[in-house]
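Trainee: I would like to go through the labels used for this model and ask what stands behind each of them.
Mentor: Go ahead, one label at a time.

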Amino acid sequence: MPTAVLLDSSLSMTRPVSVEGSEEFQRKNLAVHGLTMLFEHMATNYRLEFTSLVSFSSLWEVLVPFTRDYNTLQEALNNLEDYDKTCLEAALQGVSNIVQQEWGTSCPCQVVLVTDGALGIGRGSLRHSLQTVKQRVEDKKFPLPFPFPSKLYVMCIANAEELQATDSMDNLEQLINLNGGEGQIYTMEGPLCLKSVQSMFGKLIDQAYSPFHAVLRCGNLTSDVQVFPRPEPVTIDEEVDPMPRTVQTDLEIVGFIEIGDISSPPVLSRHLVLPIAVNKEGDEIGTGATDDTEEETSTNQMAGKSPNFCVLLHGSLKVEGMVALVQLGPDWFGMLYSQADSKKKSNLMMSLFEPGSEPLPWLGRISQLGPASDAAENPYGEDDSKSPFPIQPKHKRSYAQNVTVWIKASGLQTDVQKILRNARKLPEKTQTFYKELNRLRKAALAFGFWELLKSMAELLERECTLLSDSAHPDAAFQLSHAAQQLKLASSGDSKYAAYEHNITPMLTDFSGGGGADRI
Amino acid sequence: MFSVSHKTAFVVDHCPYMAESSRQLIECDMLTKSRSQGVIPLAPVSKSLWTCAIECSMEYCRILFDVYPTWKLVNYIVSDSEVHILNSWKQEDQNTHELMAALAAVGPPNPRQDPECCSVLHGLVAAVESLCKITEYQHESRTTLMDTADRVANRGRIICLTNAKSDTHVRMLEDCVLETIQEQNKRAAGSDRLMPIQQCELVLVHIYPQGEETLVSDRQKKELSSMLSSEVHSVRAGRYLASKLNVLVQQHFDLASTTITNIPMKEEQHANTSANYDVELLHHRDAHMEFIKSGDLHMAGSTSRDSGLKETVTLKWCTPRTNSVELHYCTGAYRISPVDVNSRPSSCLTNFLLNGRSVLLEQPRKSGSKVISHMLSSHGGEIFLHVLNSTRSTLEDPPSISEGCGGRVTDYRITDFGEFMRENRLTPFPDSMIDAAGRTPVERAKSQLERYTRYWPMIISQTTIFNMQAVVPLANLIVKDTLTDEDVLTCQKTVYNLVDMERKSDPLPISTVGSRGKGPKRDEQYRIMWNELETLVKAHVGTSERHQRVLECISACRSKPPEEEERKKRGRKREDKEDKTEKNGKDTEEKGWTTDSERLKGVMEREKDEQSECEIIKDSPDSPEPLNKKPRLATEEQQPPEKSKE
């Protein structure tokens with residue numbers, strides 16, 4: 001889940017804050033301090049996150065495009081310049097554009113807006129933007145809600161009282177509402193100082209950047225893992241009681257399925273599953289202040305050398321071309337598989353299915369999947385030549401069952417011609433002739449199209465008169481028999497017009513045993 | 001969950017005037033040139049208004065059932081002097097085959113029936129009554145919600161295909177529906193099997209013959225009350241009606257259209273040439289979500305087709321390069337239905353897909369860059385349009401798994417775990433399959449994984465027994481939930497075989513990793529092997545009495561530390577033995593043997609001891625003598641060990 005940091009570089013950010021100490025701080029310095037803390041946290045615990053830094057005033061500028069290089073981000077923070085007034089709408093539009101350019105509209109993204117809460121005056125101010133939000137034409141729409149799934153975090157280098165004194169707080173709240181309530185406003189508590197900015201960013205880190213740790217379990221084999229990006233709660237769009245579902249920290253494998261059987265299933269999101277070393281006290285190595293990098297390296301090496309279930313699982317999944325079905329919560333499942341990138345580096349990945357008892361129609365209800373060894377007969381065959389998947393639906397879809405549609409004249413004409421073509425090749429084509437004839441008959445009866453039955457009968461009678469002298473004598477019998485049967489059906493007489501009734505070939509002396517054989 | 005589209009009631013007018021011709025003529029006598037001489041072509045046929053109404057409504061249902069095989073239900077009603085209800089809300093009734101059979105039984109309208117006693121009103125009243133009836137899905141939802149069952153909504157739609165006399169006539173029909181809803185809601189309030197209608201959409205389609213002026217005017221959707229809205233479509237019979245219902249089914253069920261273009265197809269006449277064809281498909285509109293959100297809908301080649309009634313997104317066929325063993329990152333999969341289901345290009349495409357092949361689809365872009373955005377693929381005879389992620393991944397360039405924890409270990413039992421995965425593959429079981437313990441199949445799968453992993457060393461150098469072919473039969477059986485007597489026998493044979501190997505001093509595949517020199521001596525190797533085997537079997541000893549017997553066999557047959565032999569010699573009682581089997585593994589591990597001579601003594605004594613012990617536990621011929629294997633097997637069959645034990 002990439003992060004776009006939107007930093008206010010307007011003149012108001014250079015306002016000094018009164019501090020007890022000797023050194024004088026500007027709000028900008030506090031903002032930089034907070035962001036430094038955020039970047040440091042990400043570099044240590046969330047280093048796969050892509051982050052971009054954008055500064056804005058009346059204009060906006062991408063200082064650092066999306067990157068995992070936190071040094072570059074830090075460097076940019078150290079070289080900020082001051083500009084004119086705050087103009088938030090344009091900046092939000094800018095962020096919206098750069099995110100879409102980079103990640104499209106389906107990738108969820110976090111936007112961290114850092115501002116002093118002085119949101120401009122007159123045209124271009126947030127107040128003005130919000131007042132006119134309903135009067136926009138199609139191509140000048142307000143950038144919120146973002147077209148991609150998003151969280152908007154507003155970090156105010158100001159305290160709540162200050163913001164409530166003006167309408168800033170109201171405006172910011174309105175901003176979150178415009179984003180569908182996705183986001184949160186953070187303000188500083190107490191005096192504006194380094195400590196309070198730290199505590200504010202600490203809250204953001206807890207909220208949005210805490211790593212997701214879980215235990216991956218396959219029976220008694222386990223591994224501690226970090227799931228990245230962390231899975232966010234999912235709300236199913238149901239009418240009755242929509243409750244957000246969260247992925248549990250116990251990821252339990254329930255069994256295995258061939259890749260060909262699971263067959264590119266639709267997923268909500270994809271995550272890396274990274275094994276982590278947990279030392280005996282239960283703390284993760286690498287968190288907290290680890291100044292002693294040498295020690296860290298040696299522990300990492302140790303961790304590299306002790307066998308880990310994730311690596312075993314990954315290796316076998318890759319070799320066998322299989323996926324592991326994993327339970328994420330009640331009635332919620334996902335799959336684990338090996339994924340290789342372009343550089344041939346491979347990794348254990350987890351994809352989340354839609355919550356529910358039957359996320360993939362071709363697997364059926366997941367609760368009904370059991371061990372293949374419990375089945376009376378091996379569903380995969382003794383030589384692995386079979387598969388119980390995909391599950392066949394009860395009824396075939398229209399395109400799989402030769403339905404009759406005569407909406408276009410050509411559909412009807414094709415069906416009539418097909419019968420006539422076969423009629424001319426009697427008695428060789430007796431079987432196909434009657435099959436097509438019965439198909440037409442059924443559809444004509446269902447559609448109440450008796451006129452067609454009569455016309456078809458006439459056409460067959462005419463074919464009969466056109467038969468050449470060399471024609472097989474059986475052909476004439478079959479044609480007149482078929483024509484007569486159609487006429488009877490077109491009378492609507494229940495004896496002849498029953499839908500399930502089929503016209504069968506006439507038994508003639510000529511067709512004899514051979515004719516019957518063909519049928 | 002229970003939106004208006006959950007229930008659709010079709011009401012088709014079956015009154016005498018519907019027998020009137022649509023006046024759209026179809027030439028079905030297409031004479032070929034060579035045969036046309038001297039033959040008078042047959043007069044063209046024409047469908048009645050009824051036939052037009054039926055085939056278009058069937059087409060509506062066909063598309064609906066293709067895209068939504070469940071949850072979206074149709075109740076089909078035909079109205080003349082009485083009401084013919086052709087099916088119910090039951091899921092099993094939801095297919096066109098059943099409806100066609102029922103329609104055939106009704107037959108076309110009888111033009112000689114007295115028009116006075118015929119009316120579509122009967123059908124509309126029946127439709128309202130039907131909408132009050134609870135569906136299986138509503139019932140299930142109400143049952144699970146218990147106290148809050150009243151939150152399950154009841155909404156529906158009535159599509160009425162008729163030939164109305166005038167706008168006033170239409171008004172009369174609407175009033176009748178509104179009144180009936182009010183009446184029925186009162187009745188439903190006092191019934192368990194009925195639900196009051198909260199919202200109903202009435203869609204009146206007035207059908208009139210071609211070449212006539214319509215007597216009824218089109219009207220957009222209008223709220224008649226808080227419960228009822230109504231719209232009127234005045235349409236000429238024939239293809240106009242067909243495209244109207246096609247548009248309606250798209251509106252009613254949130255469908256969108258995609259045209260697959262550039263499909264290479266062999267020409268019928270010239271088998272060696274191929275031409276490119278287009279096929280239009282309908283599916284849920286979410287398959288276009290990325291285009292809609294990014295505003296790319298028009299750029300993606302969306303064009304209006306067929307009299308400008310609908311929009312379609314064009315995607316280009318890519319020569320198949322994908323196979324089923326490739327996992328694509330897919331963000332959605334939606335069932336499709338071809339618009340022109342039995343045209344040659346459509347059936348060519350669908351048959352290609354039903355045969356198990358997949359097609360990647362490319363989104364045409366102005367810039368000329370190639371973006372694969374979708375994939376067509378079938379699963380179990382159903383074709384799905386998969387949405388593929390075509391943007392940059394946030395997971396690119398991750399650290400390789402070899403750089404992380406356990407990444408430096410090189411002797412993982414990859415092949416063995418692969419075998420383990422195959423054994424733990426899943427398979428669907430029928431809904432009623434719950435075992436004696438009340439476990440669902442998926443719970444049984446989890447408990448099987450638990451059993452199979454009770455002792456499962458991850459690396460080759462951590463195990464001896466799993467590197468030995470000789471142990472395989474026992475290792476495969478012992479993890480099972482239940483053992484047969486035959487299984488126990490197989491396990492015992494495995495053990496005897498190991499004893500045999502030990503006596504012959506066969507080398508064991510003991511890992512030399514971490515030890516200096518040549519590794520442990522032979523008997524030390526066997527001690528390690530026996531210990532490991534005991535650990536494996538002990539992990540399963542609680543499963544059943546037969547599992548216990550396998551452990552007993554091992555304890556009895558294996559080489560033992562000399563101290564115990566001493567103790568045994570000093571006159572151990574039979575009762576002690578059970579106790580000992582529990583401790584045995586630990587004891588041997590802790591004590592270990594000191595000198596070779598002592599061990600040799602131990603082995604010799606063990607052999608002696610074994611003879612006597614075998615008498616007690618199992619009258620097995622596998623005691624050291626005789627060494628001939630063939631007669632041994634024969635004796636085993638005659639004397640199953642469990643009998644002798646008793």
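Trainee: Why is Glu423(B) called partly exposed?
Mentor: This is a predicted model, and in it Glu423(B) has a relative accessible area of 27%. Buried would need a value under 20% and exposed one over 50%. The value for Glu423(B) falls in between, so the residue is partly exposed.

Trainee: Where does Glu423(B) lie, and what is it in contact with, leaving aside its neighbours within four places in sequence?
Mentor: Glu423(B) belongs to helix H9 (residues 414-423) of chain B. Leaving aside neighbours within four places in sequence, its contacts are Gln448(B), Tyr452(B) and Asn476(B). As for Trp456(B), 33 residues along the chain from Glu423(B), the two C-alpha atoms are separated by 14 Å.

Trainee: What makes Ser455(A) buried?
Mentor: Its relative accessible area is 8%. The limit for buried is under 20%, so Ser455(A) counts as buried. Ser455(A) sits in helix H13 (residues 450-466) of chain A.

Trainee: Which residues does Ser455(A) touch, not counting those up to four places away in sequence?
Mentor: With those set aside, Ser455(A) touches Cys28(B), Leu42(B) and Val45(B). Thr105(A), by contrast, is 350 residues from Ser455(A) in sequence and 57 Å from it in space, C-alpha to C-alpha.

Trainee: Two residues of chain A have a positive phi without being glycine. Are they buried or partly exposed?
Mentor: Take Ser264(A), where phi is near 40°. Ser264(A) is in the loop between helix H8 (259-262) and strand S14 (269-275) of chain A. Its relative accessible area is 4%, under the 20% limit, so Ser264(A) is buried. Asn402(A) has a phi of about 55° and is placed in the loop between strand S18 (369-371) and H11 of chain A. Asn402(A) has a relative accessible area of 44%, between 20% and 50%, and is therefore partly exposed.

Trainee: Why is H12(B) called roughly antiparallel to H13(B)?
Mentor: The axes of helix H12 (residues 485-503) and helix H13 (residues 522-538) of chain B cross at roughly 170° and come within 11 Å. Angles over 145 degrees count as roughly antiparallel, so the label applies to H12(B) and H13(B).

Trainee: Which residues meet there, and of what class?
Mentor: From H12(B) come Val495(B), Leu498(B), Val499(B), Met501(B) and Glu502(B), and from H13(B) Tyr526(B), Met529(B), Trp530(B) and Leu533(B). By class, the contact has eight nonpolar, no polar and one charged residues.

Trainee: How do you know that S4(A) and S5(A) pair?
Mentor: Pairing takes at least two bridges, and five join S4(A) to S5(A), which run antiparallel. The hairpin joining S4(A) to S5(A) passes through three residues.

Trainee: What is the strand order of the open sheet in chain A, and what are its edges?
Mentor: The order of its six strands is S5-S4-S1-S6-S7-S8, with mixed pairing. Strand S5 (60-67) and strand S8 (183-188) are the edges, as each pairs on one side only. From one strand to the next, the twist averages 15°. Strand S1 (residues 3-8) and strand S6 (residues 109-115) of chain A pair in the parallel sense, over five bridges. Helix H2 (residues 70-78) of chain A packs on the sheet, where it touches S1, strand S4 (51-56) and S5.

Conventions. Residues are numbered from 1 along each chain as its sequence is written. Chains are lettered from A and ligands numbered from 1 in the order in which they are written. This is a predicted model: local features need pLDDT of at least 70, side-chain atom pairs count only at pLDDT 80 or more; totals for chains, interfaces and linings use all residues. Side-chain values use heavy atoms; hydrogens and water are left out. Helices (H or I, at least four residues) and strands (E, at least two) are DSSP runs, numbered from the N terminus. Axes are lines fitted to C-alpha atoms, for helices over the stretch in contact, and angles run from 0 to 180 degrees between N-to-C directions. Contact means heavy atoms within 4.5 Å. Angles under 35 degrees count as roughly parallel, over 145 as roughly antiparallel, 65 to 115 as roughly perpendicular and the rest as oblique. Ala, Val, Leu, Ile, Met, Phe, Trp, Tyr, Cys and Pro count as nonpolar, Asp, Glu, Lys and Arg as charged, and the others, Gly among them, as polar. Buried means under 20% relative accessible area, exposed over 50%, partly exposed in between (1.4 Å probe, protein chains only).
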